[in-house]
Amino acid sequence: MPPAAALIYVFVLLRRLPEIVDQLTWNADYVSVMVMAQSVGTSGKSGRAVIIQIGWYWFNLATEHLPFHRQVWEYAPFVLAMAALALIVWTAWRVAGRFAALLAASIGIAAAPIALATQVAQSFHGTTWFGCALLAAYLCALLSSKMSRRALIAMSVLVALLAGFASATDPLLVPAGDAPFALTLIALWRLRKDDLPRWKWLAGAGAAAGIGLTAGVMVLAGRVAGYGSSFPRGLTHFVTPDHVTGNARQLVTGVFEVAGMPRGGSALGVVLGLFLVAALMIPMAWLIRSRGRDMDAATLAVVGFWVASILGVAAAFLFSDLPHDFLQNSSRYLVSMFYAGAATLPIWAARAPLRLALIAAPATLLILANAASVDSTAAAGRFSPSFSPSLSEPIAFLEQHGLTRGYAGNYDAAPMSFKTDFALHVSPVTEVFTSPEDVCGKSICPFAYNSLSDWYRGEAGPTFILVDPGIHQVDQPPPPGLDQVMTVYHVGRYEIYVYADDVAAHMGTPPRFTRSLF
């Protein structure tokens, strides 16, 4: 039943994928790195850049000169997600046979809308899901494949480079993949020395060290080239005592949402959430109860890795302040839980026909429910932020009046540039400052996240500031003393303030653009 249901999901996904991609490109968190790469690729960079997930930026910059680079940028994340699924399916086949592989493919393809968005969009942690699948597959190959030392060294170097690149791109891979990988290697050395020859263990340890080295070199090279990174406050602060209960509640609701429960809740969503919770608990219980004695070394390594990943992500979520900062949007940090369930439940179920029969119905329900949810979400345009499509009106107005350079809130700026194929160059500014490093001495300043200081150096006018009452960052008129306003246009809910020169020259520079990179 699950494979047949998965075919339905694939049909829905392929039918809706172009719409989903189009809707997601209204999201500034997604398109900002593409806008930056386009800017640097065509005009160069002389100032400072601040990038949240720099790996995608380097990929975009490397492919910017290809004839169809826009399509490459838009669909590369989905290709990466399918590569991650292929690694999970291969691992399941290797340790548990074709039925486990088929079940892993069926469940793994059926991502709920929130999980699918992270698979289709850049900068939404897709590199982390790939990194986890890659490290699990590497452990499986290390213990189940017969290969020469030269081949093993080559594979270990490749894994170190790819996982190191992914780690430098997204620090979420540290608790989700890097730490579980190291812990699994240590556990294997202590528990299964006879199954892991010394030279293989050294290759694995070398890969772990190579991951850290690659990530470190990538970060250092970025600093030397003038690229800084800045992460949301919640990623770098431990949870305060009064937020622990809220974090625990969001952990549970986040897992349910990753399974397919809508944010408004539903009876079906509860069933899907319980199924994913069971899929996460079963490998833990299996590992604890058997202590790995009824598992071969490869199975133990794979299941142990994913269990450690589940616990690592849960701990990072629970003990950081991220859930409090991001509230409902924090659930996308838990998507690796979906991959963990898809990777381990089929391996457990393949051990006995009764187990396969037991999970067939709920797995089929999850697949079909998420197919329907993806279809309805795409049809309603809900993969895009609720406010973004209304930007079509000011975009058309600005193009009609020849106003091609200007500034807007972060959530408006990058999508306006990208959706017009860069006919408009709109850079992000803000009136809301989350830290002293965001303040430039004026009441409106350059926005120094996923941004280039070159955008604000002051060039020829005219320029504009777009005021959007639906976006908190720039929902008030610019201060009167900022620069002389030529005219103000009212377009729908928006106000467009037009200036004769480059208004950014009067804003000042946030310290985030000038702080030391070392």
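I looked up α1 and α6 first, and the two helices are roughly perpendicular to each other. The classes I use are roughly parallel under 35 degrees, roughly antiparallel over 145, roughly perpendicular from 65 to 115, and oblique for the rest. This is a predicted model, in which local features need pLDDT of at least 70 and side-chain atom pairs count only at pLDDT 80 or more, while totals for chains, interfaces and linings use all residues. Residues are numbered from 1 along each chain as its sequence is written, and side-chain values use heavy atoms, with hydrogens and water left out.

**Entry 1: α1 with α6.** I took helix α1 as residues 2-24 and helix α6 as residues 113-120. Helices (H or I, at least four residues) and strands (E, at least two) are DSSP runs, numbered from the N terminus. The axes of α1 and α6 come within 11 Å and cross at roughly 65 degrees. Axes here are lines fitted to C-alpha atoms, for helices over the stretch in contact, with angles from 0 to 180 degrees between N-to-C directions. On the α1 side the contact uses Y9, L13, L17, I20, V21 and L24, and on the α6 side L116, A117 and V120. Contact means heavy atoms within 4.5 Å. By class I have nine nonpolar, no polar and no charged residues for α1 with α6. Ala, Val, Leu, Ile, Met, Phe, Trp, Tyr, Cys and Pro count as nonpolar, Asp, Glu, Lys and Arg as charged, and the others, Gly among them, as polar.

**Entry 2: α1 with α4.** I then followed α1 to helix α4 (residues 69-96), where the axes come within 11 Å and cross at roughly 135 degrees. That makes α1 oblique to α4. This crossing, of α1 and α4, is right-handed. L13, L17, P18 and V21 of α1 meet E74, Y75 and F78 of α4. I sorted the residues of this contact into six nonpolar, no polar and one charged.

**Entry 3: α3 with α8.** Helix α3 (residues 54-63) packs on helix α8 (residues 149-169) at about 115 degrees, with the axes 6 Å apart. I recorded α3 and α8 as roughly perpendicular to each other. The contact joins I54, G55 and W56 of α3 to F165, A168 and T169 of α8. It has four nonpolar, two polar and no charged residues.

**Entry 4: nonpolar cores.** The largest nonpolar core has 148 residues. Such a core is a set of buried Ala, Val, Leu, Ile, Met, Phe, Trp, Tyr and Cys residues joined through side-chain atoms within 4.5 Å. Y9, Y57, L116, F181, W306, Y339 and I465 have the most contacts inside this core. Helix α13 (residues 297-319) gives the largest share, 13 residues. Apart from this core lies another, of 17 residues, including L398, A413, M416 and I496.

For Y339 I listed the contacts beyond four places in sequence: A81, A84, I88, Q119, W129 and W306.

**Entry 5: F181.** I found F181 in helix α9 (residues 173-191). F181 is buried at 1% relative accessibility; buried means under 20% relative accessible area, exposed over 50%, and partly exposed in between (1.4 Å probe, protein chains only). Not counting residues up to four places away in sequence, F181 touches L135, Y138, L139, G204, A207, A208, I211 and F305.

**Entry 6: V426.** V426 is in strand β4 (residues 425-430). I noted V426 as buried, with a relative accessible area of 4%. Leaving aside neighbours within four places in sequence, V426 is in contact with G406, Y407, A408, A413, A414, M416, S417 and F464. From V426 to Y227 I have 199 residues in sequence and 21 Å in space, C-alpha to C-alpha.

**Entry 7: positive phi.** Most residues other than glycine have a negative phi. S123, not a glycine, has a positive phi of about 65 degrees. I placed S123 in the loop between α6 and α7 (126-144). S123 is buried, at 12% relative accessible area. D421 also is not a glycine, and its phi is positive, near 55 degrees. I placed D421 in the loop between α18 (410-419) and β4. D421 is exposed, with a relative accessible area of 53%.

How values were computed. Left-handed = near helix turned anticlockwise from the far one by under 90°.
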